[in-house]
Amino acid sequence: MAAVEFIKDLCTPALIIDLDKMTRNAEGMLERFHKLGVQLRPHMKTHKTLECAEIMTGGSRRCIVVSTLAEVSFYADNGYDDILYAYPLPFDKVERCAELSERLSLFHVVVDNRLALQELKKRPLKQGKVWKVWMKLDCDNGRAGVPHCDPAALQLALEIWDTSGVELMGIYAHCGNTYACQGEEQIKAVAQETTTIVLQFMEKLKAAGIQGVKSSIGSTPSCSHPVPDMAMLSEVHPGNYIFYDVQQSLIGSCTLEDVAVRVLTRVIGHYPHRNQLLVDCGWTALSHDGGGRLPTGYAIIEGHPELKLLSMTQEHGRVEPISGKLDFKQFPLGSLLKLIPYHACATAMMHPVYFVHSKGKIVDTWKPTRGWQVTVRNLP
């Protein structure tokens, strides 16, 4: 139980999580894909906590996605298994990945090139284990992965399939291009396109003699509004939905009411000569993500659509009215403001502890893992 009982008594800046909203978000996603008959493999990168993971996995502590080795070690040390390290295999981390593969029942890595596969071949696993490998397919997102239209994609899949000591687990695609959408119709169009590309690639695999591998796509927008054909996939891997954020509300993934995270800040200065308030939330508590492009600047100030978070330095934020004169009496020194972040993942990364509340009362504190790599502890 947290030492502070109510939100209003927290030292600021502070990241606060609405437990009821967050739980609804998690349960909604679980139910959505249970009805479709598709395995949900939730991504941990947004929150990086044990408590959120427990809720997102429905208590199973199985079948999760992470983006850093620090996360892998954190979850493995706390009883989680079937962990997919969804990052193009870094060559400097092959040994750590090997130790995790030997330690866990299921530890998966991702490759999108032949050189990465060669690195795995150089480090055969002990105890009769084999590398569990997913091939990353770029379905026009333009980040990692082999382009789906490139003949090299099928060639790489065949090479993984034929390599001794390696098992091709599945095809993994991130439809991050949904982040350029506006509204449910556009989201569904991209989700359909990505799903179709992946399913067509799975047919190519079958025609080439590759059987029994899984298919997985994911992004919070696409999984918030799945298309019927997604029922033919094996898995999906969204992550941000646990908190949602302003960006997701603008895309059309959710409503602003679904956003479970806020940054609590206090007014620490009045500056009538420039028509501004100063608050104790700088970019170290919120991040600069979003670039201040919102009509309200870098965040939405809950309950005050007339205000704009104009700019931030490391520990300070400048707030001014969108138009007109500021009523300073409405915002006395020490008064609280709640900022709804543009991007919850970037904001959460700024905080070493989350204050979890239900209806304004603090019910718990959660501590996320941080950093990128941790030395793997071998089990006794």
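How many bridges join strand β14 to strand β15? In this predicted model, in which local features need pLDDT of at least 70, side-chain atom pairs count only at pLDDT 80 or more and totals for chains, interfaces and linings use all residues, residues are numbered from 1 along each chain as its sequence is written. Side-chain values use heavy atoms, with hydrogens and water left out.

Strand β14 (residues 307-312) and strand β15 (residues 317-321) run antiparallel and are joined by five bridges, where strands are DSSP runs (E, at least two residues) numbered from the N terminus and two strands pair if DSSP finds at least two bridges between them. The two strands form a hairpin with four residues between them, and methionine 312 has glycine 317 of β15 as its bridge partner.

Across the whole structure, a search finds six aromatic pairs, a pair being rings of Phe, Tyr and Trp (its six-membered ring) whose centres lie within 6.5 Å, with planes under 30 degrees apart counted as stacked, over 60 as edge-to-face and the rest as tilted. Phenylalanine 74 and tyrosine 75 form an edge-to-face pair, at 5.1 Å centre to centre and 70° between the planes. The ring centres of tyrosine 75 and tyrosine 80 are 5.2 Å apart with the planes at 70°, so this pair is also edge-to-face, and Phe74, Tyr75 and Tyr80 form one aromatic cluster. Phenylalanine 74 is buried, with a relative accessible area of 17%, where buried means under 20%, exposed over 50% and partly exposed in between (1.4 Å probe, protein chains only); tyrosine 75, at 0%, is buried, and tyrosine 80 is likewise buried.
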